[in-house]
Structures are given as structure tokens and as C-alpha cells.
Amino acid sequence: MLTGSGKVAAVAGPVLLALGAAAHWPELMALGVGCLLALAASLWWLLRRPELIATREITPPRVREGERAVAVLSLANAGAHRSPPMLATERVGGRRVGVRLPSLPRGASTTVTYDLPTDRRGLHLVGPLTMARSDPLRLVLVARDHGTRSVLAVHPRVHEVEPVPTGRARDMDGPTSLASPQGGIAFHSLREYVPGDDLRLIHWRSTARTGQLMVRHNVVPNEPRMMVVLDTSASPYTRESFEDAVRVAASLCVAACAAGFPLRFATTGGVSALCER
């Protein structure tokens with residue numbers, strides 16, 4: 001690909017040759033020949049393509065907004081000649097990050113680190129890495145994609161808040177229901193004996209009154225559960241206010257999980273997640 005200077009040389013060469021020939025002006029013809037020779041030399045310079053092996057690793061792969069994430073690029077020159085210094089471009093989501101790559105002797109390797117932008121929440125696709133090289137006159141530019149794609153996860157910024165109380169049950173053991181798991185210590189009701197029940201749970205007074213074996217139905221008490229709902233519809237928000245709502249919801253969820261509170265998170269768009277102790 002021709003640079004701006006290369007396009008000027010490509011146009012100026014034939015024009016100067018034509019003007020020089022028409023005006024019988026050898027100096028103009030010499031300038032035109034010089035432009036074309038410079039362009040040809042630049043193309044010849046770039047015929048030798050460096051053989052660089054590039055691998056990328058993101059550290060850490062998951063961060064919060066504003067935290068530092070670094071890409072570690074390992075380069076190895078597998079060619080027979082020294083590689084030229086190059087300017088690489090890394091795509092991160094919809095943005096580009098410039099990376100300067102040093103010249104490497106044959107068989108040498110090096111590591112280059114550079115920061116990745118983390119000011120936007122989301123899953124950002126990193127790559128491919130585009131390595132560009134040019135001739136000494138900067139007339140021609142050749143770009144080539146290297147490396148695989150990676151994913152950088154940027155979580156919402158979380159504020160330190162106290163977890164929202166989930167309430168207290170009047171019963172010391174907590175509320176119970178038929179859906180509660182059996183085998184606990186909280187009494188829920190009496191029921192008829194079925195083979196396999198623990199004989200120690202037989203309630204003899206009820207058995208004598210009904211004439212059938214009755215046992216105590218003990219269950220694991222229900223625990224109060226915190227629920228955080230995030231409205232994901234577009235109408236109530238601007239872009240920034242929606243990000244604020246996401247940060248608030250994330251802060252409440254992190255605080256509840258850190259305090260050991262059972263949590264259910266849901267959105268109006270149908271996403272649902274549980275955090276159990």
C-alpha cells in the first residue's frame with residue numbers, strides 16, 4: 001500500500017517525465033526518473049518478508065472498570081535475516097492500540113508489554129495484531145495480521161456497600177414449606193408413616209388418636225433470600241445512567257455474596273443467576 005509520499009512519487013514521476021520531454025528539459029526528466037526509481041527501490045525493499053512468530057497473553061483476563069490489564073506479546077524471529085523495527089496495531093473492541101516492535105536478529109526472541117483500555121464494561125475481543133512495516137523512504141507500507149484473538153472481560157466497577165438485610169423469621173428455625181428439603185431439624189407437620197421412616201420420629205399421641213402411625217415431618221428451614229432486579233429496557237436510561245444502574249446492581253450482588261447471603265439476580269430481559277452460600 002502506498003503512503004501519502006508514495007502516491008506523490010507515483011504521480012510526480014510520470015508527470016515530470018512528460019513535462020521534461022515536452023519542454024526538452026533534462027532536469028525535469030531526471031527528477032521524474034528519480035521518483036520512479038525511489039518507488040521501485042521501496043517495493044524491492046519490502047519483497048523480503050520477515051518471519052515473526054507472535055503469541056499474546058492477557059494478564060489478568062478479567063478486571064473491573066479502570067483496573068490495569070496488560071497484554072504480553074512474545075515475538076520470535078524465525079526468518080534467515082534480521083527483522084526490521086515495526087509499528088503494530090492491536091484491536092481492542094472498537095479501538096486500536098499502537099505497539100512499537102523492536103528489530104530482532106535471526107533466531108532471537110523478545111517480549112513486549114502494553115496496556116489495554118479498560119474504561120468500558122463488556123467482553124472485548126482483542127486482536128488480531130496487525131504488524132506494519134515500511135521502507136526507509138516511507139513510500140510503501142505493508143501490513144499483515146498476526147496472532148490469535150483473545151477476550152478481555154471488563155466487569156462493572158463495584159462500590160463498597162453494606163449488604164441489604166434480608167429480614168428475620170419469627171420462627172427461630174426459620175420458615176418451612178412442603179418444598180423444603182427433608183432431613184432437617186425444623187418441624188413442619190405430621191404425616192402418615194411410610195416404610196423407611198425413622199422410628200424415632202413416630203408421634204405416639206397422634207398415632208393413638210388416629211389409629212395410624214404418624215411421624216413428625218422435619219425439613220430444612222427456608223432461608224431468607226435477597227433478590228436484585230436490573231431493568232434492562234432502553235427507555236428509562238441514557239448510556240451513562242444505564243452504566244450507573246449496572247454498577248449499583250453489581251455492588252449489591254457482590255456485597256450480598258461476600259456476606260454469605262443467599263442471592264438471586266435477575267434482569268427484565270430474562271437473565272437469572274443464583275449465589276448460594
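Author: Arg-121 is partly exposed, at a relative accessible area of 30%; here buried means under 20%, exposed means over 50% and partly exposed is what lies in between, with a 1.4 Å probe and protein chains only. You're looking at a predicted model, so local features need pLDDT of at least 70 and side-chain atom pairs count only at pLDDT 80 or more, while totals for chains, interfaces and linings use all residues. Residues are numbered from 1 along each chain as its sequence is written, and side-chain values use heavy atoms, leaving out hydrogens and water.

Back to that arginine. Arg-121 and Glu-243 form a salt bridge through their side chains, 2.9 Å from N to O. The two come from distant parts of the chain, 122 residues apart: Glu-243 sits in helix H4 (residues 239-258), Arg-121 in the loop between strand S6 (109-116) and strand S7 (122-134). For the record, helices (H or I, at least four residues) and strands (E, at least two) are DSSP runs numbered from the N terminus. A salt bridge here is a side-chain nitrogen of Lys or Arg within 4 Å of a carboxyl oxygen of Asp or Glu, and that rule gives a count of 9. Glu-243 counts as buried because its relative accessibility is 15%.

Glu-240 makes a salt bridge with Arg-247, at 3.4 Å from N to O. Glu-240 is partly exposed at 47% relative accessible area, whereas Arg-247 is buried at 7%. That pair belongs to a salt-bridge network made up of Glu-65, Glu-240, Asp-244 and Arg-247. As a rule, side chains of opposite charge can pair when their charged atoms come close.

You'll find Glu-65 in the loop between S2 and strand S3 (69-77). Its relative accessible area is 6%, so Glu-65 is buried. Leaving out residues up to four places away in sequence, its contacts (heavy atoms within 4.5 Å) include Thr-118, Asp-119, Arg-120 and Arg-121. Also among them are Val-154, His-155, Pro-156 and Arg-157, along with Glu-243 and Arg-247.

His-155 in S9 is the bridge partner of Arg-64. S2 and S9 (residues 150-155) run parallel and share 3 bridges; two strands pair if DSSP finds at least two bridges between them. S9 also pairs with S7, this time antiparallel and over 5 bridges.

Another charged pair is Arg-191 with Asp-197. Their closest N and O atoms are 2.9 Å apart, in a salt bridge. Arg-191 is partly exposed at 23% relative accessibility, while Asp-197 is buried at 17%.

Most residues other than glycine have a negative phi, and most peptide bonds are trans. The bond from Thr-59 to Pro-60 is cis, with omega near -15 degrees, and Pro-60 lies in the loop between strand S1 (52-59) and strand S2 (62-64). Gly-127 and Pro-128 are joined by a cis peptide bond too, with omega about 0 degrees; Pro-128 is in S7.

Then there's phi. His-24, not a glycine, has a positive phi of about 50 degrees. It sits in the loop between H1 and helix H2 (26-45), and at 70% relative accessibility His-24 is exposed. Arg-138, again not a glycine, has a positive phi near 60 degrees. Arg-138 is in the loop between S7 and strand S8 (141-146) and is exposed, at 52%.

Val-11, Val-15 and Leu-19 form it, with about 260 Å² of accessible area together. Val-15 sits in helix H1 (residues 4-23) and is partly exposed at 43%. Patches are built from residues with over 30% relative accessible area and no salt bridge, joining like charges within 9 Å and nonpolar side chains (Val, Leu, Ile, Met, Phe, Trp, Tyr) within 5 Å. The areas come from the Shrake-Rupley method with a 1.4 Å probe, and for residues only the protein chains shown count as cover.
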